[in-house]
Amino acid sequence: MIPEVEIYDTTLRDGSQSEGINFSVMDKLRIAERLDAFGIHYIEGGWPANPKDIEFFAQAQRKRFKRARLAAFGSTRRKGVAVESDEQVRLLLEAETPVVTIYGKTWLLHVKEVLRATPEENLGMIADTVRFLKDHGRFVIYDAEHCFDGYKEDAEYAIATWQAAEKGGADLVVLCDTNGGCLPAEISRITAVACGKLSVKVGIHPHNDIGLGVANGLAALEAGAVQVQGTINGYGERTGNCNLTSIIPAVALKMKKRCVPESSLAKLKELSQFVDEIANIRHDPRQPWVGEAAFAHKAGTHVNAIQKLVRSYEHIEPARIGNVRRVLVSDLAGRSNIVMKARELGFKASNETPELKEILARIKKLEHEGFEFEAAEGSLALLMRKILKHEKPPFSIEGYHVSIRRDRSISVCQASVKVLVDGEFEHTIAEGDGPVNALDQALRAALVKFFPQLKRVRLADYKVRILNTSAGTGARTRVLIESTDGKDEWSTVGVHDNIIEASLMALSDSLEYRLLQK
Ligand SMILES: [Zn+2]
């Protein structure tokens, strides 16, 4: 498949300049492999002037990429130095990549004030460097830095710099909105000029400083550009680059242009989550297209409508980019939310189910007390089950005791729990790092005797929030717990004036949920 729009990924170079991101060589190799498998056309690996990126390119040479072409990034030669004696240009060749991308100056302000070169010298630096790399057999992409700001100040000179790259033999001239402050109309107008003045293909490299990275990428593509450069999840310096996880589906599904392989599109969310995981960043639920909330419906009227016709409140079918529709249950919920949620959780329910009214009333009452079920589906499933199936819980907690004592500098927490299962009592004691941990240990130790499947369950996350409810009862504590058995994850909630009671509620729900699942 020959793409109409090529995707050039710079997550490993521009993206790694994000605040809080620090990729190791191994991280970069794993991301590169994943990008290649997804069908990204170009992967910019880094700037082989620093030891980490030199090491990356050395290791990447031993990899076989299926589709992607690897690019090394650098700059034009320094002023006053012959290109063949320029150390940085030599390192670009030593990276042994099929593609080399170099940036050069478009904006006279930078030429004069930053480079301290004459306008003619700068043109020579661009043409020389491109030609030298071409002579060494590289596919050369020329990044015109500050392209739009430069053009707005001196259009004639900006055009001369692009033409210098073309004359040197560049395969592609990429217009960069380096400061990220341009508007789509400007991007569109200047891209059209570049496409008219050049016979080589034109690309776009937008930044997101005013929230228009993706819009500017699309504007340039509409105006004739054929390549867009960006990063997965929009990582990048300051507020980031053009977000590829937004622009790829926009190109494929909205502009209807051939881009990445069609089968890859359904793996877009997975790719986005994978890169966040490697970067050790929490996946943003509000991210367009791929976020957890991108197809989450909360208002009762919306849910009622999508139950009849999903198109009524969804711009695309979420599965096309690997996302899923979610129905949220909250005090804004109507019957439709409850029906859809109940079905999602595996219960039989319809708008005529008589228990719906009781479930809805119970949820609204609990949410008023400070419970929150959007992030605690385990507790929600238990609540529905109790009402729909009129079942008794498999165990009950008859009593507990928690103590904390301090021995010199070490504090020791101890908990005892008494449970009742099928008419039989069990009483256990355990120690833990903190009172909740001790309680968790004691409760599980008591229950494992009856339910050995609980042995593998452990706490994955524990969040506490202090609430000030409108009921005027003063501060209450909400505890959200995430549990896992190594395979599945589920979350439960507890609310009480006392943090230990709230925690025990969430812990007990977590274990009960696990028992009722299998
Ligand atoms: Zn950039």
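Lysine 152 forms a salt bridge with aspartate 149, the closest N and O atoms being 4.0 Å apart. A salt bridge here is a side-chain nitrogen of Lys or Arg within 4 Å of a carboxyl oxygen of Asp or Glu. The two residues are three apart in helix α6 (residues 147-153), so about one helical turn separates them. Helices (H or I, at least four residues) and strands (E, at least two) are DSSP runs, numbered from the N terminus. Lysine 152 is partly exposed, at 40% relative accessibility. Aspartate 149 counts as buried, at 18%. Buried means under 20% relative accessible area, exposed over 50%, and partly exposed in between (1.4 Å probe, protein chains only).

The model is predicted: local features need pLDDT of at least 70, side-chain atom pairs count only at pLDDT 80 or more, and totals for chains, interfaces and linings use all residues. Residues are numbered from 1 along each chain as its sequence is written, and side-chain values use heavy atoms, leaving out hydrogens and water.

The structure holds 30 salt bridges. One of them joins lysine 28 to aspartate 53, with the closest N and O atoms 2.7 Å apart. This pair links distant parts of the chain: lysine 28 sits in helix α1 and aspartate 53 in helix α2 (residues 51-60), 25 residues apart. Both lysine 28 and aspartate 53 are buried. Aspartate 171 pairs with lysine 134, the closest N and O atoms being 2.8 Å apart. Here the partners are 37 residues apart: aspartate 171 lies in the loop between α7 (155-168) and β6 (172-177), and lysine 134 in helix α5 (residues 119-135). Aspartate 171 is partly exposed at 23% relative accessibility. Lysine 134 is partly exposed too, at 28%.

The criterion is NZ of Lys or CZ of Arg within 6 Å of the ring centre and within 35 degrees of the ring normal. Lysine 418 lies over the face of phenylalanine 425, at 5.5 Å from the ring centre.

Now the rings. The structure holds ten aromatic pairs. One of them, phenylalanine 56 with phenylalanine 57, is edge-to-face, at 5.3 Å centre to centre and 75 degrees between the planes. Rings of Phe, Tyr and Trp (its six-membered ring) pair if their centres lie within 6.5 Å; planes under 30 degrees apart count as stacked, over 60 as edge-to-face and the rest as tilted. Both phenylalanine 56 and phenylalanine 57 are buried. Tyr8, Tyr42 and Phe139 form one aromatic cluster.

Next comes helix α10 (residues 244-254). Nine of its eleven residues are buried, so α10 is largely enclosed by the rest of the structure. Among the buried residues are Leu244, Ile247, Pro249 and Leu253. The buried residues of α10 pack against β1 (6-9), α1 (25-38), α9 (213-222), β8 (227-230), α11 (262-265) and α12 (268-279). Just after α10, lysine 256 takes a positive phi of about 55 degrees.

Serine 508 is found in helix α18 (residues 499-517). It is buried, at 14% relative accessibility. Leaving aside neighbours within four places in sequence, serine 508 is in contact (heavy atoms within 4.5 Å) with Phe395, Ile397 and Leu443. Serine 199 lies in the loop between α8 (184-197) and β7 (201-206). Serine 199 is exposed, with a relative accessible area of 70%.
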